[in-house]
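Good morning, and thank you for joining this group meeting. Please look at the sequence and the structure as I show them.

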Amino acid sequence: MAQIEIQLGKNGITDNFIESLKHIFENHENVRLSVLKSAGHEKGKIKEYAEEILEKLGKNYTSKIIGFKIILKKWRKNKRD
């Protein structure tokens with residue numbers, strides 16, 4: 001299954017953005033999220049975005065930061081705490 005890529009822009013993480021991600025995860029296991037310059041390109045800011053997205057999506061998701069991209073993965077089974 002192809003990996004889908006979306007962009008995070010100046011509006012940041014909104015409720016609509018989270019709903020769009022949830023909708024995408026209905027058909028895809030991985031999402032590549034590009035953080036645009038308008039959203040902030042500081043390393044700490046990208047980590048904050050990743051943590052906020054995971055908090056809003058729920059337990060079955062993990063993230064990995066590579067440069068200015070956040071790779072989100074949905075696990076089929078519940079992730080152990």
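On α1, the face turned away from the buried side carries the exposed residues Asp15, Asn16 and His23. Please bear in mind that this is a predicted model.

Which residues of α1 are buried? They are Phe17, Ile18, Leu21, Ile24 and Phe25. These residues cover an arc of only 120° around the axis, and therefore they lie on the same side of α1. The cover over them includes β1, β2, α2, β3 (61-66) and β4.

Let us turn to the pair of helices. In general, two packed helices are described by the angle between their axes and the distance between the axes. Here, α1 and α2 pack at an angle of about 65°, and their axes are 11 Å apart. Because angles of 65 to 115 degrees count as roughly perpendicular, that is how α1 and α2 are described. The crossing in which α1 passes α2 is right-handed. On the α1 side, Phe17, Ile18, Leu21, Lys22 and Phe25 take part, and they meet Ile53, Lys56 and Leu57 in α2.

In soluble globular proteins, nonpolar side chains tend to be buried together. In this model, the largest nonpolar core has 20 residues, of which Leu8, Phe17, Leu21, Ile53 and Ile70 touch the most other members. Two or more residues of this core come from each of β1 (4-8), α1 (15-25), β2 (30-35), α2 (43-57) and β4 (69-74).

Finally, consider Phe17. Leaving aside neighbours within four places in sequence, Phe17 is in contact with Ile6, Gln7, Leu8, Gly12, Leu33 and Ile53.

Notes. Residues are numbered from 1 along each chain as its sequence is written. This is a predicted model: local features need pLDDT of at least 70, side-chain atom pairs count only at pLDDT 80 or more; totals for chains, interfaces and linings use all residues. Side-chain values use heavy atoms; hydrogens and water are left out. A nonpolar core is a set of buried Ala, Val, Leu, Ile, Met, Phe, Trp, Tyr and Cys residues joined through side-chain atoms within 4.5 Å. Buried means under 20% relative accessible area, exposed over 50%, partly exposed in between (1.4 Å probe, protein chains only). Helices (H or I, at least four residues) and strands (E, at least two) are DSSP runs, numbered from the N terminus. Contact means heavy atoms within 4.5 Å. The arc is that of the directions from the helix axis to the C-beta atoms. Axes are lines fitted to C-alpha atoms, for helices over the stretch in contact, and angles run from 0 to 180 degrees between N-to-C directions. Angles under 35 degrees count as roughly parallel, over 145 as roughly antiparallel, 65 to 115 as roughly perpendicular and the rest as oblique. A crossing is left-handed if the near helix is turned anticlockwise from the far one by less than a right angle, and right-handed if clockwise.
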